[in-house]
Each structure stands twice: as structure tokens, then as C-alpha cells.
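User: I would like to learn how to read the local features of a protein model, one kind at a time. Please give the general idea and then the case at hand.

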Amino acid sequence: MLGDDDGGSLKKSKKKEKKQDTWRPKERRDPIEMLNSLPEKQQQEIQKAIHLFYSGSNLPKTLQQAKKHSYKFWDTQPVPRLGDSITTHGQIVEGEASIRGEPYSLPQGFSWDTLDLTDPTVLKELCAFLNDNYTEDDDNTIRYDFSLEYLQWALQPPNWLSQWHCGVRVDTNKKLVGFIAAVPADVRIHDVEKQMVQVKFLCVHKKLRLKRMTPVLIRELTRRVNQQGLYQAVYVAGVVLPSPLSTCRYWHRPLNPRKLIEIRHPGMRGDMPPQRAVKFYRLSQLTKTPGLRSMTKGDVLGVHSLLQENIQKFLLSSSLSLQEVEHWLLPRENMVYTYVVEGTDGTLTGLVSFYSISSKVLNHPLHASIRAAHLLYIAATGTNLVDLMEDTLVLAKSKGYDIFTAVDLMENGSFLEELRFNISVQCLHYYLYNWMCPTVSPEKGSYYPTLLRGH
């Protein structure tokens with residue numbers, strides 16, 4: 001009887017094992033596909049944990065945290081060290097006589113790809129990659145939702161080069177998992193004007209951020225830029241690296257306070273009841289600045305002259321050509337809006353510009369998206385700056401924006417509190433690669449990158 005029972009149990013066991021084998025995958029599944037197959041809420045929790053681990057353990061956000069941090073990669077780069085007191089100006093290392101001809105080595109299973117953004121398929125792929133991996137906030141509840149038009153505007157200014165659109169792909173399925181870009185930039189630093197690049201959109205797939213792919217991306221982009229005879233770069237980050245040239249704070253002006261309260265947006269004061277917030281942040285429906293109108297192509301020369309005059313007041317600024325003024329500032333529907341103030345004699349006495357970035361609101365029962373306007377530039381010679389900015393808020397609200405974001409550069413401090421902007425806990429740090437000079441206070445800086453923060 002024991003033998004019979006054991007035999008029966010063995011048969012049952014074999015049947016059970018065979019049944020299990022039917023459902024056992026024959027090959028190892030792609031971990032990215034496995035994550036994507038999970039419910040959206042569970043995906044968000046996993047991504048949030050990865051994001052917090054990556055940002056919290058590796059990227060200091062304050063100077064105090066940075067002093068305790070070991071910068072193994074940045075210690076090998078031509079950048080000032082944290083705590084250095086710099087009084088001189090100039091290049092840190094001279095341009096190499098012999099520039100590396102071969103690309104830097106990637107981890108096994110990955111390869112470089114120069115992205116052709118004139119190909120609509122490639123542009124859509126990059127847009128999807130950034131929207132999935134370029135997280136906007138630390139809670140991973142709001143995520144950038146870039147448009148194809150925005151990426152073309154940000155990455156294809158005059159004299160752009162395709163080799164500076166540097167991607168990393170998985171060898172097996174050609175999936176895009178890393179990206180870094182640079183665009184030409186003429187930057188005025190103190191009394192020196194330098195041709196360099198602005199680094200943008202450094203992004204690594206959220207499940208590969210512990211593979212130390214970021215240093216390789218930076219090295220490879222540096223090599224490609226050096227090949228064009230350029231050895232300096234400007235970049236911004238929301239984290240402390242060696243070593244900030246200037247640091248400013250984000251400020252947020254609610255335009256749709258009720259919605260911001262409902263999604264618990266960090267730019268909204270959390271201690272204000274909705275009805276009071278609506279009343280507190282109410283704006284006029286009409287502008288007050290005489291001569292205020294939308295910029296046209298015929299204004300390019302006048303805007304260029306106004307900008308050239310204005311940057312003389314600052315120690316860190318962009319020096320735009322006529323073609324760059326047209327590219328960056330000429331209005332584009334739902335992307336960039338620029339207004340000028342025309343005096344009675346036809347001269348321009350004021351300029352204000354902002355650009356648009358939409359974001360997805362994740363797992364919210366009422367709201368799926370948020371529209372944010374980011375201040376790009378503001379300058380006034382014969383115009384009241386506070387009135388001009390207040391009119392800009394009115395115009396942004398009329399176009400359906402939910403919030404207006406600025407940083408305390410230039411003379412922005414003159415209107416931020418008066419116009420009821422809320423100061424953020426987040427900072428924006430400016431950096432120069434292979435250039436040293438004394439630090440610049442925020443009110444002496446006027447360099448506006450076209451994307452304020454990156455990961």
C-alpha cells in the first residue's frame with residue numbers, strides 16, 4: 001500500500017511539474033518589458049523607489065551634503081573643486097593636441113548611436129524615451145510631457161550638429177536607453193565671450209541608472225565637442241556638483257490655484273484653502289503696459305539690439321546672433337511666446353518671453369496634465385519691469401497655463417514677491433566645464449537655459 005501511495009504521489013507530482021513547465025517561460029524576459037506589464041500604480045511605486053535611491057544616495061542637493069560626498073568622476077574632470085576660492089579667469093586645461101578618435105567603451109551589450117532628429121521616427125522615439133525617463137519631481141508624481149516641436153526647437157538651433165545628439169542603444173533590441181545632447185552657445189563670462197556648447201537632456205533609462213552610464217555619456221559628448229575645436233561647456237542641474245558658478249532659486253506663481261491644490265503641486269502653498277487661494281492669486285483680465293504686443297519677425301533686429309544693451313549689466317549671459325534671436329524668441333504657438341513694448345517713436349523699450357512645458361499628472365482622479373510657463377527672458381529700458389511681468393502673467397493665464405515658473409536671476413527679485421510668486425526649496429546651479437572664474441551672484445546672471453532642470 002505504501003508503494004502504491006508513493007507511486008500515486010509521484011505521478012501527481014510529475015503531472016504538476018509538467019503543468020508548471022507549460023507556463024514557465026522558455027527564455028529570460030526583458031526586465032523592462034516585465035516592468036511595463038505591471039499595473040500602472042505598481043510601476044510608479046517601483047520607479048519612485050529607484051528614483052529616490054538613485055537621487056538620494058548619489059546626487060547631493062545642498063552644499064552641506066556635497067561636502068561629504070565623493071565625486072570620483074568629477075575629480076577627473078577640468079572643473080573647479082568645491083570650496084576653491086577663484087580669483088583668476090581662464091581655461092583650466094589647454095585643448096588636447098591629439099583628440100581621441102574612437103568612441104569611449106560602453107558596458108557590454110550597449111552601443112553608441114548618433115540620433116538623426118530630422119527623421120520623424122527617431123524624433124518620436126527620443127520624445128517617448130525622455131517622457132518616460134526624464135522625471136520632473138522627487139515624488140515621481142509629475143513627469144515631463146515633451147512635444148516633438150519642443151525637442152526640435154530645443155535641439156536644432158542655428159549651427160546644430162547631429163553628432164552632438166548622442167544616444168545609447170541595447171544591442172539585442174536596439175532600444176534607446178541613454179541620451180545626451182549639446183547645442184552651440186556663445187556665452188559672455190565677466191568680460192570674456194567664449195564659443196562653447198550648452199549641454200542638455202542628459203538622461204539614462206530609469207532601470208540602468210546604477211550602471212554608471214552617465215560618466216561615459218559625458219566623456220563621449222566631450223570627445224565629440226572637442227573634435228569641433230570647442231573645449232568649454234555650460235550646463236545646469238538641480239544637484240550640487242563641483243563646482244557651481246552661480247546658484248539661484250525657483251519661484252512659482254500659481255495661475256490656476258484650485259487645480260494646483262488638488263494635485264498637491266509643490267509650487268502651491270499647502271496651507272491655503274482653495275477659495276482663499278483663488279482670491280489671493282486673482283489677476284486682471286487686461287494688460288496695463290502701453291505698446292505691449294506680440295513679437296514679429298520684423299522685430300528681430302530691435303530685439304537683438306535691446307538684448308545686446310541689456311547683457312552689459314550682467315557677468316553671465318547669452319550672446320545671441322540675429323539668427324538665434326529669431327530661433328529662440330520668435331513666437332511659436334503652444335511653445336514659446338515673446339512680447340515687446342513699442343514706444344511712441346517705434347523703438348523697443350521692453351521684452352518678455354516664456355516657453356511652455358506640459359507635464360503628466362500620474363494617477364490622479366481629476367487631472368491628467370499640467371501646463372507650465374517658464375520665463376525665458378525679460379528686459380526693460382523705458383518700461384516698468386513689475387508691470388511688464390504682471391502683464392505676462394495675465395497673458396499666460398489667458399492662454400490656459402496653470403503655473404508660471406521663474407528663477408531669481410537678473411532683476412527678477414524686484415517683482416517675485418510683489419507679484420506673489422512662491423519660493424521653492426529647489427535650486428538651480430550653473431556650471432562651466434573647463435573654465436574658471438569668480439562666482440556670480442544670481443542678480444548678476446542673465447543666462448537662461450531652455451530647459452531649467454535635468455536629471
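The turns below go through cores, aromatic pairs, strands, backbone angles and cysteines.

Analyst: This is a predicted model, in which local features need pLDDT of at least 70 and side-chain atom pairs count only at pLDDT 80 or more, while totals for chains, interfaces and linings use all residues. Residues are numbered from 1 along each chain as its sequence is written, and side-chain values use heavy atoms, with hydrogens and water left out.

User: Which residues touch the most other members of the largest nonpolar core?

Analyst: In soluble globular proteins, nonpolar side chains tend to be buried together. A nonpolar core here is a set of buried Ala, Val, Leu, Ile, Met, Phe, Trp, Tyr and Cys residues joined through side-chain atoms within 4.5 Å. Buried means under 20% relative accessible area, exposed over 50%, and partly exposed in between, with a 1.4 Å probe and protein chains only. The largest core has 89 residues, and those touching the most other members are Leu126, Phe146, Tyr150, Phe201, Phe404, Phe415 and Phe421. Helix 12 (residues 385–398) gives the most to this core, with eight residues. Helices (H or I, at least four residues) and strands (E, at least two) are DSSP runs, numbered from the N terminus. A second, separate core has 33 residues, including Phe110, Ile180, Ile218 and Ala237.

User: What is Leu126 in contact with, leaving aside its neighbours within four places in sequence?

Analyst: Contact means heavy atoms within 4.5 Å. On that basis Leu126 meets Leu115, Leu117, Leu151, Leu155, Leu176 and Phe179, with neighbours within four places in sequence left aside.

User: How many aromatic pairs does the count come to?

Analyst: A pair of aromatic rings is described by the distance of the centres and the angle of the planes. Rings of Phe, Tyr and Trp (its six-membered ring) pair if their centres lie within 6.5 Å; planes under 30 degrees apart count as stacked, over 60 as edge-to-face and the rest as tilted. The count comes to 20 aromatic pairs. Tyr134 and Phe146 are edge-to-face, because their ring centres are 5.9 Å apart and their planes are at 70°. Tyr134 lies in the loop between helix 5 (120–133) and strand 2 (142–144), and Phe146 in the loop between strand 2 and helix 6 (148–155), so this pair ties together parts that are 12 residues apart in sequence. Tyr144 and Phe146 are stacked, because their centres are 5.1 Å apart and their planes are at 25°. Tyr144 and Phe146 are buried, and Tyr134 is buried at 2% relative accessibility. One aromatic cluster includes Tyr134, Tyr144, Phe146, Tyr150 and Trp153 among its members.

User: Where does the charged end of Arg371 sit?

Analyst: A charge sits over a ring if NZ of Lys or CZ of Arg is within 6 Å of the ring centre and within 35 degrees of the ring normal. The charged end of Arg371 sits over the ring of Tyr401, 4.1 Å from its centre. Arg100 does likewise over the ring of Tyr104, at 4.2 Å from the centre.

User: Why is strand 13 largely enclosed by the rest of the structure?

Analyst: In a regular strand the side chains alternate between the two faces of the sheet. Strand 13 (residues 403–407) is largely enclosed because five of its five residues are buried. Ile403, Thr405 and Val407 cover one side, and Phe404 and Ala406 the other. Two strands pair if DSSP finds at least two bridges between them. Strand 7 (residues 246–254) pairs with strand 13 in the antiparallel sense over five bridges, with His252 and Thr405 as bridge partners. Strand 12 (residues 369–380) runs parallel to strand 13, joined by three bridges, and His374 stands opposite Thr405.

User: Which residue takes a positive phi in the hairpin of strand 4 and strand 5?

Analyst: Most residues other than glycine have a negative phi, and most peptide bonds are trans. In this hairpin, with two residues between the strands, His190 has a positive phi near 55°. Strand 4 (residues 176–189) and strand 5 (residues 192–204) run antiparallel and are joined by 11 bridges. Asn434 has a positive phi near 60° and is buried, with a relative accessible area of 3%. A cis peptide bond joins Pro242 and Ser243, with omega about -15°.

User: How many disulfides are there?

Analyst: A disulfide is a pair of cysteine sulfur atoms within 2.5 Å. The count comes to zero. The sulfur of Cys248 has its closest cysteine sulfur in Cys427, at 7.8 Å, which is too far for a bond. Cys248 is buried, with a relative accessible area of 1%.
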